[in-house]
Amino acid sequence: MTIEIHIEPEWLALFALAIGDHDLTYGAQLGCDAGTRLLAPLTCLRAAAELADDDRELRLWPGGEPTPEGGASGQLHAEQHFEYLAPLRAGVRLAAMTSPGRTWSRPGRSGVLDFAETLTDFYAADGELVARSRKVGVRIRRPDPESTLPSAGAADAGRLEREAG
Amino acid sequence: MKGDPGVAAPTWSRTCRLATCLSGEDIARYAEASGDWNRIHVDEAYARAGGHPSLVAHGMLTMGLTGAFLAQTVGHANVRCFGGRFLRPVHAGDSLDCTITLASWEHRATGADMVLDLRTSTTDGAAVFVGRATVVIPEGAPLSPLSYETNGEILMRGDNIWMAR
């Protein structure tokens, strides 16, 4: 799946504020031409890609209900890794190409833990690979199939994350 | 730890308070920036019903706070890789500390490649995120708290610790 994302300076400033990244360059970027400054927050690509994904189940739509933990899949975020290959500049448009990666399972305290990678490559308009993201999600598979319903996710969040760790 | 032959391995670490008493507003701000409106992050009754003491912070908020500290330490543009695992949920009311430790370094012609270990924990000492970053520090980088000079010294600027061979 490929989606186009726009690293908007105004959104970068909002994101930087949310994570306490007070580098003044974010403010300075607001009045700059696209591509003239860099220094986007290190983790912003994950959020940018998900914000741009119209099919993402965790988005909040007008009048819609917030989704349960883990969304319909019940999958929790176990790991996140980024590789930065070129400076990420405010104002650029990137193509985010997402594909499934490895899957594996191992026993946990409450059942079998199913891990799945999601790989996303971020390309600039000229085709340059700017960054890579590797997200690992985990879902618990219990002996009783009914207990794997998404609604059980909230109760098990801490346990799942501990077991995933 | 490689470094220059004959140079004693430097030890260096830096600790920072990432968040003091993370609030529901902090979590909501990240929900807005990231588009992740999962109920467990924004609906306290839902989170409590799931066994949590309060709202659950996004894992990527914890990673984002950690990444901001990393970037402020070494410079955004110097980070090549950044990743880690989410070990435990972070809740509203938690305070977070992060320690960055120099794991290894290798001298290059123009600076140094460094591997940094990151550990973010709540104030009771429980790790919530552990990660690793690979950074390339240009020789004599003037703006970063973590600097490097080719004589094998790692210099900490400003109010940071100064360590040398």
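**View 1. Surroundings of A:Thr43 in the predicted model.** A:Thr43 sits in the loop between helix 2 (24–29) and helix 3 of chain A. Leaving aside neighbours within four places in sequence, A:Thr43 is in contact (heavy atoms within 4.5 Å) with A:Phe15, A:Ile19, A:Phe82 and A:Tyr84, and also with B:Met60, B:Met63, B:Gly64 and B:Phe82. The relative accessible area of A:Thr43 is 1%, so A:Thr43 is buried. Buried means under 20% relative accessible area, exposed means over 50%, and partly exposed lies in between, with a 1.4 Å probe and protein chains only. This is a predicted model in which local features need pLDDT of at least 70, side-chain atom pairs count only at pLDDT 80 or more, and totals for chains, interfaces and linings use all residues. Residues are numbered from 1 along each chain as its sequence is written, chains are lettered from A and ligands numbered from 1 in the order in which they are written, and side-chain values use heavy atoms, with hydrogens and water left out.

**View 2. Helix 3 of chain A.** Helices (H or I, at least four residues) and strands (E, at least two) are DSSP runs, numbered from the N terminus. Helix 3 covers residues 44–51 of chain A, and 7 of its 8 residues are buried, so the helix is largely enclosed by the rest of the structure. The buried residues are A:Cys44, A:Leu45, A:Arg46, A:Ala47, A:Ala48, A:Ala49 and A:Glu50.

**View 3. The largest nonpolar core.** A nonpolar core is a set of buried Ala, Val, Leu, Ile, Met, Phe, Trp, Tyr and Cys residues joined through side-chain atoms within 4.5 Å. The largest one has 61 residues, of which A:Leu45, A:Leu94, B:Leu70 and B:Phe82 touch the most other members. Helix 4 of chain B gives the most to this core, with 8 residues. Another core, of 7 residues, lies apart from it and includes A:Leu76, A:Ala78, A:Leu113 and A:Phe115. Beyond four places in sequence, the contacts of A:Leu94 include A:Ile3, A:Ile5, A:Ile7, A:Leu45 and A:Phe122.

**View 4. Helix 4 of chain B.** This helix runs over residues 59–74 of chain B. The expected span of a helix is 1.5 Å times one less than its number of residues. For the 16 residues of helix 4 this gives 22 Å, and the end C-alpha atoms are 22 Å apart, which agrees. Because 14 of the 16 residues are buried, helix 4 is largely enclosed by the rest of the structure. B:Gly75 follows the helix and has a positive phi, near 95 degrees.

**View 5. Paired strands of chain B.** Two strands pair if DSSP finds at least two bridges between them. Strand 1 (residues 13–19) and strand 3 (residues 96–108) of chain B run antiparallel and are joined by 6 bridges. Here B:Ala19 has B:Leu96 as its bridge partner. Strand 3 also pairs with strand 4 (residues 111–122) of chain B in the antiparallel sense, over 12 bridges. B:Asp97 stands opposite B:Ser121. Strands 3 and 4 of chain B form a hairpin with 2 residues between them.

**View 6. Residues 147–165 of chain A.** The pLDDT is the predictor's confidence in each residue, from 0 to 100. Chain A averages 76, and 64% of the residues score at least 70. Over residues 147–165 of chain A the pLDDT is below 50, although this stretch has 51 contacts in the model beyond near neighbours in sequence. Where pLDDT is low, the predicted coordinates should not be read in detail.
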